[in-house]
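Please open the structure in your viewer and keep the selection tool at hand.

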Amino acid sequence: MGRPPRVVRVLVRWRAGPTWTSGAVDDQPGWDEHAAFIDDLIERGIFVMGGPLADQRGSQSLLENVTEQQARDLVLQDPFVANGVFELQEVRAWNVFVDELTPRAEPS
């Protein structure tokens with residue numbers, strides 16, 4: 001039997017929607033509402049990291065403490081989806097074996 005992953009996380013990929021304007025993600029319509037939505041997910045321990053792709057044609061997010069289906073249901077509530085800035089491209093569970101960003105618990 002294989003070694004279990006350290007953690008299961010969920011990758012979310014977005015593509016630019018029809019209302020995406022040229023420029024940075026924080027220049028998009030409804031930025032304040034989107035930022036408040038993300039801040040809430042951070043406070044709830046769900047949103048780990050995210051941001052626009054370098055070519056500004058989409059974005060990627062990393063979630064934890066949710067299943068793949070819970071993540072899908074949750075991210076579709078993002079105001080950027082409702083106003084057409086983002087279109088959901090993909091939601092996939094990810095078995096993380098190597099994670100050098102998350103501090104490890106000290107052995108007891």
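What is the volume of the largest cavity? In this predicted model, the largest cavity has a volume of about 60 Å³. The structure holds one cavity of 30 Å³ or more.

**Stop 1: the cavity lining**

Select Trp14, His34, Phe37, Ile38, Leu41, Phe47, Ser61, Leu63, Val75, Asp78 and Phe86, the residues that line the largest cavity. Two elements, helix 1 (31-43) and strand 3 (58-64), each give two or more residues to this lining. Helix 1 provides the largest share, with four residues.

**Stop 2: the largest pocket**

Select His34, Ile38, Phe47, Gly50 and Gly51, which are the closest to its centre among the 13 residues that line the largest pocket. Helix 1, strand 2 (47-52) and strand 3 are the elements that give two or more residues to the pocket lining. Here too the largest share comes from helix 1, which supplies five residues. The lining of the largest pocket consists of seven nonpolar, five polar and one charged residue.

**Stop 3**

In soluble globular proteins, nonpolar side chains tend to be buried together. The largest nonpolar core of this model has 20 residues; select Val10, Val12, Leu41, Leu63 and Phe86, which touch the most other members. The elements that give two or more residues to this core are strand 1 (7-16), helix 1, helix 2 (68-75) and strand 4 (86-96).

**Stop 4: Val10**

Centre the view on Val10 and show what surrounds this residue. Beyond its neighbours within four places in sequence, Val10 is in contact with Ser61, Leu62, Leu63, Val66, Thr67, Glu68, Ala71, Val91, Arg92 and Ala93.

**Stop 5: Val12**

Move to Val12, which lies in strand 1. Is Val12 buried or exposed? Val12 counts as buried because its relative accessibility is 0%. Setting aside its neighbours within four places in sequence, Val12 is in contact with Ser59, Gln60, Ser61, Leu63, Val75, Leu88, Glu90 and Val91. To finish, select the C-alpha atoms of Val12 and Glu90: these residues are 78 residues apart in sequence, and the two atoms are 5.7 Å apart in space.

Note on methods. Residues are numbered from 1 along each chain as its sequence is written. This is a predicted model: local features need pLDDT of at least 70, side-chain atom pairs count only at pLDDT 80 or more; totals for chains, interfaces and linings use all residues. Side-chain values use heavy atoms; hydrogens and water are left out. On a 1 Å grid over the protein atoms alone, a cavity is a set of points where a 1.4 Å probe fits but cannot get out, and a pocket is an open set with protein on both sides within 12 Å along at least five of seven lines; lining residues have an atom within 4 Å of a point. Grid points are joined across faces, edges and corners, and a volume is the space filled by probe spheres set on the points. Ala, Val, Leu, Ile, Met, Phe, Trp, Tyr, Cys and Pro count as nonpolar, Asp, Glu, Lys and Arg as charged, and the others, Gly among them, as polar. A nonpolar core is a set of buried Ala, Val, Leu, Ile, Met, Phe, Trp, Tyr and Cys residues joined through side-chain atoms within 4.5 Å. Buried means under 20% relative accessible area, exposed over 50%, partly exposed in between (1.4 Å probe, protein chains only). Contact means heavy atoms within 4.5 Å.
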